[in-house]
Amino acid sequence: MMDAADRTRLRHEFEELLYYEAWLLDNDKLEEWLELFTDTIRYWAPVRGNLEPGREDLSQPHLLAHFDDDKTSLTLRVKRLRTGAAHAEEPRSRIRHFVSNVQILETDGPDRVKVSSNFQVFRSRWEGTEHLFVGCREDWWRRIDNTWRNEERFILLDHNVLENITVFF
Amino acid sequence: MTDWSHLVDLEKCTVSPRVFVDEEVYRDEQERIFGRCWLYLAHESQLPNPGDFVTHYMGEESVLVCRTASGKIRVFLNSCRHRGARMCRLDAGNAKAFTCPYHGWTYDNQGRLIGVPQFKEAYYEELNREDWGLIEVPRVESFRGLIFACFDENAQSLDAYLGDMKWYLDLIFNKTEGGMVVLPGLHRWNLGGNWKLAAEQFNGDNYHTGAAHESMLKIGLGPANGKFLGDRPWVRDFEAKLENGHGWINFKIDMAGGVPAPLAHHMEQIQAAARQRLTPAQSELVGCVHVGNVFPNFSILTFLGFLTIRVWHPRGPYNMEAYSWAMIEQEAPPEVVEIARKMQILTFSPSGIFEQDDGEMWGNSVKALRGIHRRNFPLNYQMGAGHGRTDPDKPGLIHPPSTEIGIFGVYEQWQALMGGA
């Protein structure tokens, strides 16, 4: 069991880590961003629908998603952005990540922590097409060799009809 | 009615930019194309039980697709007859009746007005409820589980409308006993670009792959030979221009990284099953990349085990809204479904590493074409014109990629519908 002081310390630790992650993304340090994930990462963002209350079942098998990536496919996405021919990001969009509402949801021993956070991502594309992506993330972080690595990222986007997604959350 | 046929030049194989950027042209398309053609709505696997419904669009019209107690599919405008409010705000569900959220008029799933609040006190029972049922879309027909509807009650049958396209659709939808099923969930997103730019690309544009998808080749996630083309032109690697503005692209590629073993095994089984059901000429093509478009705006693409079917809904001349579902053979084991689903998400979804590039191009085109000067200079659709051949083994006018014979067929059909008559 964690006392309140431990929990606060842990929350501060993850606030710093999540701000750092946002800084990496906003500053196009995507290769460093990839290092935050374990090799077994599931990076997953299911689609959202308009259904009766209680009928949205995000755990149903084979549900479509906006991302359902592993380390290999995430790495491919980053490599593609580096080719100079990923046209939807040429020239690169101006993006800014805002992270808030950081909470420690659960711990599993001293080295595994489930952290939720809300995000807003602003994207200004080309001559000024502007989009806002809003949602929350639930991450399972694991401490490996004294460094926190993300081994599961669940992204809940608060959108039904989207725009193309060229950014990471 | 304005005659827009001069915007397509059949002799020169050119198309005026006004076809893509003119507000008046767009408005007339709603009536003459979306009001007269068969439009894709849903797959029967999405509505297995009586009372099941889905909502969708036909052009800009919101519609309600219902499976009634008798099992029949009926389609209604999703708009209350009283003040027109959108009746059903859900994507899908099961309901015996729909109540308008504004004043409470209630309709059953056969469109009959069955409930009017204060019928006695406010209407003095003088409202003839039989006259005020939901507006029904008159024609609803299916092919291999694909449900289409048409606003024109005098339209030819869906069977006749699809014509030779059925031979090609069977390569996907009739290759196994169980057919194709829709996975849960829907990709729905807004794109810049005129709806026809997406439709024509799926109809027959293999030419764009080298430039638009150059990034895929650079990271080695493309074909081993560096081209989205096989080595058997005319026979297996070809495009087919089909009647009524439909088109099909067919080719075989070997992926640089190979394909996961369970998927390779599954595809072998599917090919074996197809040989039992399809003609030898068709069976030869099963397992290839298939890309096609049913005029006007229903596109399919199957690649690396997945099948995306999608509709490009018009949203003004400069924008469209895509609806895309994932499908797979009913026989596919869960492991294969997951491989295919993840591949579709990675490649052809709003975040897809192919999809993003295509969408970017369609938006670019309308941005560049809308200028009052640019729109006076036609667009070139001449590639391969006059070089197509017929083939006893397969329907349509055939030519190996790349060619614009099929794409120009979209505009021939467009012209036939957009004349003044």
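Tutor: Before we start, a helix axis here is a line fitted to the C-alpha atoms over the stretch in contact, and angles run from 0 to 180 degrees between N-to-C directions. Keep in mind, too, that this is a predicted model.

Student: Thanks! At roughly what angle do the axes of helix H5 and helix H12 of chain B cross?

Tutor: Helix H5 of chain B covers residues 195-204, and helix H12 of chain B covers residues 405-418. Their axes come within 8 Å of each other and cross at roughly 140 degrees.

Student: Which residues of H12(B) make the contact?

Tutor: On the H5(B) side, the contact uses Lys196(B), Ala199(B), Glu200(B), Asn203(B) and Gly204(B). By class, the residues from both helices divide into 3 nonpolar, 3 polar and 2 charged. The partners from H12(B) are Gly406(B), Ile407(B) and Val410(B).

Student: What is the orientation of H8(B) and H10(B) to each other?

Tutor: Helix H8 (residues 261-277) and helix H10 (residues 334-347) of chain B have axes that come within 9 Å and cross at roughly 110 degrees. Angles of 65 to 115 degrees fall in one class. The two helices H8(B) and H10(B) are therefore roughly perpendicular.

Student: Which residues of H10(B) make that contact?

Tutor: H8(B) contributes Pro262(B), Leu263(B) and His266(B). The contact as a whole has 4 nonpolar, 1 polar and 1 charged residues.

Student: Let's move to the domains. How many Å apart do the C-alpha centres of domain 1 and domain 2 of chain B lie?

Tutor: Chain B is divided into domain 1, residues 39-142, and domain 2, residues 163-418. Contact between them involves 8 residues of domain 1 and 8 residues of domain 2. On the domain 1 side, those residues divide into 2 nonpolar, 4 polar and 2 charged. The C-alpha centres of the two domains lie apart by 34 Å.

Student: And between the chains, which elements give two or more residues to the side of chain A that touches chain B?

Tutor: The chains meet through 32 residues of chain A and 34 residues of chain B. The chain A side divides into 14 nonpolar, 11 polar and 7 charged residues. Its elements giving two or more residues are strand E2 (65-69) and H3 of chain A.

Student: Now Val78(A): is it buried, exposed or partly exposed?

Tutor: Val78(A) sits in helix H3 of chain A, and beyond its close sequence neighbours, up to four places away, it touches Leu30(A), Glu31(A) and Leu34(A). Buried needs 20 or more other C-beta atoms within 10 Å, and exposed needs 12 or fewer. Because Val78(A) has 14, it counts as partly exposed.

Student: Which phi values are positive in a residue other than glycine, starting with Asn101(A)?

Tutor: Most residues other than glycine have a negative phi. Asn101(A) is in strand E3 of chain A and is exposed, with 9 other C-beta atoms within 10 Å. Its phi is positive, near 55 degrees.

Student: Is Asn244(B) buried or exposed?

Tutor: Asn244(B) has a positive phi as well, near 60 degrees, and its place is the loop between strand E15 (238-241) and strand E16 (247-251) of chain B. The cut-off for a buried residue is 20 or more other C-beta atoms within 10 Å. Asn244(B) has 20, so it counts as buried.

Student: Which residues does a cis peptide bond join in chain A, with omega of about -10 degrees?

Tutor: Most peptide bonds are trans. In chain B, a cis bond joins Phe295(B) and Pro296(B), with omega about 5 degrees; Pro296(B) is in the loop between strand E17 (289-294) and strand E18 (298-303). In chain A, the proline concerned is in the loop between helix H3 (71-81) and strand E3 (94-107). There the cis bond joins Glu90(A) and Pro91(A).

Methods
Residues are numbered from 1 along each chain as its sequence is written. Chains are lettered from A and ligands numbered from 1 in the order in which they are written. This is a predicted model: local features need pLDDT of at least 70, side-chain atom pairs count only at pLDDT 80 or more; totals for chains, interfaces and linings use all residues. Helices (H or I, at least four residues) and strands (E, at least two) are DSSP runs, numbered from the N terminus. Two residues are in contact if their C-beta atoms, placed from the backbone, lie within 7 Å. Ala, Val, Leu, Ile, Met, Phe, Trp, Tyr, Cys and Pro count as nonpolar, Asp, Glu, Lys and Arg as charged, and the others, Gly among them, as polar. Domain bounds come from an automatic or database domain assignment. Angles under 35 degrees count as roughly parallel, over 145 as roughly antiparallel, 65 to 115 as roughly perpendicular and the rest as oblique.
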